[in-house]
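Here are some notes on the charged side chains. Please read them with the structure open.

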Amino acid sequence: MKIAIDAMGGDLGPRATVRGAASAVLHDPHLEICLFGPRRQLEGEISCLPRRLVAAGSRMEVVDASEVIAPGQRPADALRRGQASSMARMLTAVASGSAAAGVSAGNTGALVALGRQTLGTVAGIPRPAISTAMPTRRQGRCYLLDLGANVESSAERLVDFALMGELMARHVDGLDAPRVALLNVGVEGTKGTASVREADQRLRAFKHLDYRGYIEGDGIFAGQVDVVVCDGFVGNAVLKASEGLAKMLVARVQATFEAHWSSRFVGALARPALRRLKSELDPVRYNGASLLGLAGIVVKSHGGADAAGFHYAVLRAVQEVRHDLPSCLAAGLAPRRGVGESVGSAGRVASDPDIFAPGMPSDDDSQQEQR
């Protein structure tokens, strides 16, 4: 299995992506990596791999791509001028079939726009959604989507997100009946925006969907559901706030145990439990967000991910390849989409502001969250 890597997108530079990819290669004996970026720079990083990762070098190929999509580059500009970039060439490798999946830690808006242009989408999905796993009680997890690909979402898009998230949890995680909920400011039927209330009505029309209605923010981590749906603005805010809270809690606990000699003694006894807690809450373990809806597998790594975080993003791509996720989405979405169209305002799909000609981003694309 070959995974294509945009090695130039992360905030920490190619060293983190190359070492993370090398670590993933050693984790999976069937994995090969194709790195896209300036050849001399990437070959230099491979030659400087730590001793424990040196063996991975023989399964890492470099494809020269001298241009790089800048972190602040507008998606529309990336579409016009970024076709020779490491990100675009990585996506082309996925589209041509020379790589089974692609991974990038680069500009999110550009990745979504270029991915839609290069790969297309499945089952008439107009725009992909970004989804990642969130830790829940009893070492569980749930999927949250969208995380920034669609800052504002109509009811139709929220329904699409719910169907895609349910299919991913069903096929990748092996859940027989994933529980799905809409994120809202309350559980009452009158709460929320018009699009959320309409999506709620439409989702109730899907007889084979285990739809649980509304869930509030604290319910994401309670393990009550397996898929939580919201627009990209809300989802990205929840994700970033959750990551910050987890880091703050771990730091506070450590500082508390180090504050006094007696607490340091208790901390020494509790160190194994604290190490386990830190591991469970560490956002690095959950790095790797899926661009659901593309007709190919693309995983977005957090821009600030270190080598350990990028390692998990690559393994997420491997997992989706093994389950052939785009084919599962195509087969599962085709008979389902349209079930809820009779509920709410009919005929809105044709005029949905989220739908654009292939390869033509909306004005909102330039404002996508740089994850």
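1. A term comes before the points. Buried means under 20% relative accessible area, exposed means over 50%, and partly exposed lies in between. Glu 188, with a relative accessible area of 40%, is therefore partly exposed. Keep in mind that this is a predicted model.

2. Glu 188 has a partner. Its side chain meets that of Lys 191 in a salt bridge, at 3.2 Å from N to O. Lys 191 is partly exposed too, at 32% relative accessibility.

3. How many salt bridges does a search of the whole structure find? The search finds 15. Among them is the pair of Lys 2 and Glu 61, with 3.2 Å from N to O. This pair links distant parts of the chain, 59 residues apart. Lys 2 sits in strand β1 (residues 2–6), and Glu 61 in strand β3 (residues 60–64). Lys 2 has a relative accessible area of 27% and is partly exposed. Glu 61 is partly exposed as well, at 37%.

4. Now a pair within a helix. The side chains of Arg 316 and Glu 320 form a salt bridge, 3.0 Å from N to O. Both residues belong to helix α10 (residues 307–322). They are four residues apart, so about one helical turn separates them.

5. Are Arg 316 and Glu 320 buried or exposed? Arg 316 is buried, with a relative accessible area of 8%. Glu 320 counts as buried at 2%. Each value is under the 20% cut-off.

6. One group goes beyond a pair. Glu 156, Glu 198 and Arg 202 are linked in a network of salt bridges.

Note on methods: Residues are numbered from 1 along each chain as its sequence is written. This is a predicted model: local features need pLDDT of at least 70, side-chain atom pairs count only at pLDDT 80 or more; totals for chains, interfaces and linings use all residues. Side-chain values use heavy atoms; hydrogens and water are left out. A salt bridge is a side-chain nitrogen of Lys or Arg within 4 Å of a carboxyl oxygen of Asp or Glu. Helices (H or I, at least four residues) and strands (E, at least two) are DSSP runs, numbered from the N terminus. Buried means under 20% relative accessible area, exposed over 50%, partly exposed in between (1.4 Å probe, protein chains only).
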